[in-house]
Every structure is written in C-alpha cells, then in structure tokens.
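Student: I have just opened this one and would like to be walked through it. Could you take my questions as they come?

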Amino acid sequence: MKRIVKFLGIVAVAAAALIAVSCDKEETAKNYNLSVKIIFPEGVEELEDLVVEAVKGTTTNTLELSAVDQAIVASASLPQGDYKVSASGAISSAKKAVGAAEVSLYADTEIEITLSIASASPIVIKAVQYTPGKQYYIQPLSDTWIELVNNSDEVQYLDQIILIGGMGRQTGPNAWQANGYENLYGGVTQSPVYAFPGNGTDYPLQPGASVVIANAPIDHSAQGEGFENCADLSKADWEFYASYNAKDTDYEGIPNMELVHCPFTSQLNWGQNFFAWAGLIAKLPEGVTPAQYAANEENLMTTPGTTASYQYLMIPSEYVLDAIDIWEADAEEHYPVFLPVDDAEGILGPEAWSGQAVRRKVTKIENGRAYYKDTNKSSDDLVVEKVVPGAVPTQVDAE
Ligand SMILES: [Ca+2]
Ligand SMILES: [Ca+2]
C-alpha cells in the first residue's frame, strides 16, 4: 500500500513537471505574422493553383492567400523561428512560376517573393540542325534534323506532340507581334507542321531517352565529294515524309511523322532555314488531336496586315512545351520570336551551310544518363557546335 502511494506521488510530480514544461513552451514560442507579397514573372498576369508554404523543420504551413492592392499576399500567424518559404503556381500545363525565400520570424515580418518561370516540360528539344553541311543542299534531300529528349524521371509519350520550325531571323516585330498577337506562334514559317502520331500512349520515351527526326533518314556524309560535312542520319528514329509532294521519298522501315498542316506544297522539308532558326514543340489540351486542331479555322490565320492568302497554323503560348530562338551568326540586330515565358533570350547561331547544330547543355550525368539545362533561355541553355544526331553525352557543360 505504501508503495502504491509512493508511485502515485511520483506520477503526480511528473504530471506537474509536464504542465510546467508545456506552460513554459507556450510562453516562449510566440506567434508572429508572416506576410509574403507575391511578384508575378514579367508578362504573367494569372496563376492557377498558387500555393505558398512556410517550412520549419518537419512542419509545413500553408499560407492563406488574399488580394491586397491588386497584389497577391500570402499570410499566416506562425510560431517564431527560421522558415523556408516557397511559392509555386501554374502558368499553363507546361510552365510553372516558382520562387523561394528564407525568413527569420521573430517579429511580424513582411517579405516579397519574385517568381520566375520554370519550365515544367518533361520533353525538350535536345538538338537541332537547320543549316545543311553543304551549300544549297536543300531539296529534294536535306541533312537537317531535330532531336527531342525526355528530360524527366518518368516515362513520357511522344504521341501528338506538334513540331513547328523555321521561324526566326527577326530584326523587329513580325506581322503577328506588330498586330497584337504576341502570344501566337507559327505564322512566320513556310515549313509544314508535323506531329507524332498515336492515341496518347503509343510512343513511350524512357527517362533520358531521345529520338531523332530527319528530313531524309540516310547517311548524307556518304553522298560523295563535298558531302563530308553533312550529317549521318541513317539511324534516325522518325522521318518527315512530305506525302503531298512526289519529289520526296518515303523511306522504308522509318516511321513517318503525321502531316498536320502545309501552307506551301513546294516545301519538302520541315523546319528549313539556313541563317537563323526558331522553333517549338507543343502539346494540345487533352482531348484535341492535332488533326482536329488544324481542321478548325479558328486556329488558322493569314498574315495580319496583308492580303496574302496563305493560312498558317497558329499555336498559342500556353500550349508550348519548349521553344528555342537562334539568331543569325553575325546578326547585330535581333528581335525575340517568343514571349519571355517561352524563351527569354536567343543565342547567336552557326554560320549558314556549316553543318553545325545547336544543342542543349548537359547539367549532370548520373549512371550514364545526361540531364539537360532548361531555363527557357536559349542564350544560357544552348551551345553551337557540330553535333552527331542521337549522340549520348559523356561530358557535363560549364554553366
Ligand atoms: Ca522527307
Ligand atoms: Ca518512312
């Protein structure tokens, strides 16, 4: 009996100590207001699914959003301490706006986070060669090509991805930009538009894997004297076959890209341009096939401000997965083809007919797999050199 009383006594003391500790904690762990003003990236006015979180240790606090003086402010009352604050919202299905800051919260605190654009595109342009390796080597054959890579850690599908190439060489606003259509792309190219066929999951691309799409999938360097500098495309995975023109060849055993739109039937090659190049890959919203999109007159436009009758297929910025802008090698004046959300700044390209390509920089190589730089800024992300189509990089690039 005595022992039991003693035991109860210990419990009572322990309980009293616990209460004392918890009172102590409540007194020292004061709450303060954290207020985060969210600054949107340039040219972005709306974000979907904006989430602002403050993390301390293993605790994540989601801040409450409100509109204050036409700005978005995220706020919360939080226990004092050091926090990592992050903000993230969707510009479109392919692009996110993100930002972060660190805060020491020992008084009511107001901070700003300026968001920048992060491409969420799992598939990007790995390389493109738009200027041939021999002067006037253009039609019916051409050694030009493009390569796409799965830059994510999950299987992606090439199905229905649209390719537009051959814009660029701008020294001022193009007809669309000059007429207020700055978020619509595709008008300033004579190139046919193609897409990968498939119903959504027919053409998987493994993480880190790439595909080469050639205008003519043969070894052009073996064509004879003077062709030494041309690309060997005999191992290309896909072919741009100009089914509308009898001069083009359908190579056996190489699957054909699906022709989506063709404003000029004399043009055999996709993405052709010799001096400069801008192009994009795009994915339409779920449920719309490239063929359906191209059949809808609302998605076609003649050149604004002219009487020209050519109808171009226009792709809005929000559908763009990846875009690159390459300027003429020695151009001193240039004007961006894309909005900053798609490509912030172009890069000076290779000399015409040099056979050089433009490839995306490699940021790291893990277990033999390369990861590619994608900051939506061609001048930072790309490098100009002779590139072997389909080559697996073995070296990381300097920043
Ligand atoms: Ca072809
Ligand atoms: Ca073929």
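Student: How far apart are the centres of domain 1 and domain 2?

Tutor: In this predicted model, 36 Å separate the two domain centres, taken over C-alpha atoms. Domain 1 covers 31-119 and domain 2 covers 123-385, with bounds that come from an automatic or database domain assignment.

Student: And how many residues of domain 1 are in contact with domain 2?

Tutor: 10 residues of domain 1 are in contact with 10 residues of domain 2, where contact means that the C-beta atoms, placed from the backbone, lie within 7 Å. On the domain 1 side, β6 (81-92) and β9 (116-119) each supply at least two of the touching residues; strands are DSSP runs (E, at least two residues) and helices are runs of H or I with at least four, numbered from the N terminus.

Student: How should I read the numbering and the confidence limits here?

Tutor: Residues are numbered from 1 along each chain as its sequence is written, while chains are lettered from A and ligands numbered from 1 in the order in which they are written. Local features need pLDDT of at least 70 and side-chain atom pairs count only at pLDDT 80 or more, whereas totals for chains, interfaces and linings use all residues.

Student: Changing topic, what is the strand order in the open sheet of 6 strands?

Tutor: The order is β19-β15-β13-β20-β24-β25, with mixed pairing, and two strands pair if DSSP finds at least two bridges between them. The edge strands, each pairing on one side only, are β19 (258-261) and β25. Strand β15 (residues 193-195) runs antiparallel to β19 and is joined to it by 3 bridges, with Tyr-194 standing opposite Leu-259.

Student: What about β27 and β28, what do they form?

Tutor: They form a hairpin with 2 residues between them, and Asn-367 in the turn has a positive phi of about 50 degrees. The two antiparallel strands, residues 362-366 and 369-372, are joined by 4 bridges, and Glu-366 has Arg-369 as its bridge partner.

Student: Is Arg-169 buried or partly exposed?

Tutor: Arg-169 counts as buried because it has 21 C-beta neighbours inside 10 Å; the cut-offs are 20 or more other C-beta atoms within 10 Å for buried, 12 or fewer for exposed, and partly exposed in between, with C-beta atoms placed from the backbone. Arg-169 also has a positive phi of about 60 degrees although it is not a glycine. Most residues other than glycine have a negative phi, and most peptide bonds are trans.

Student: Where is the cis peptide bond, then?

Tutor: That bond joins Gln-139 and Pro-140, with omega about -5 degrees, and Pro-140 is found in the loop between β10 (123-129) and β11 (145-150).

Terms used:
Two residues are in contact if their C-beta atoms, placed from the backbone, lie within 7 Å.
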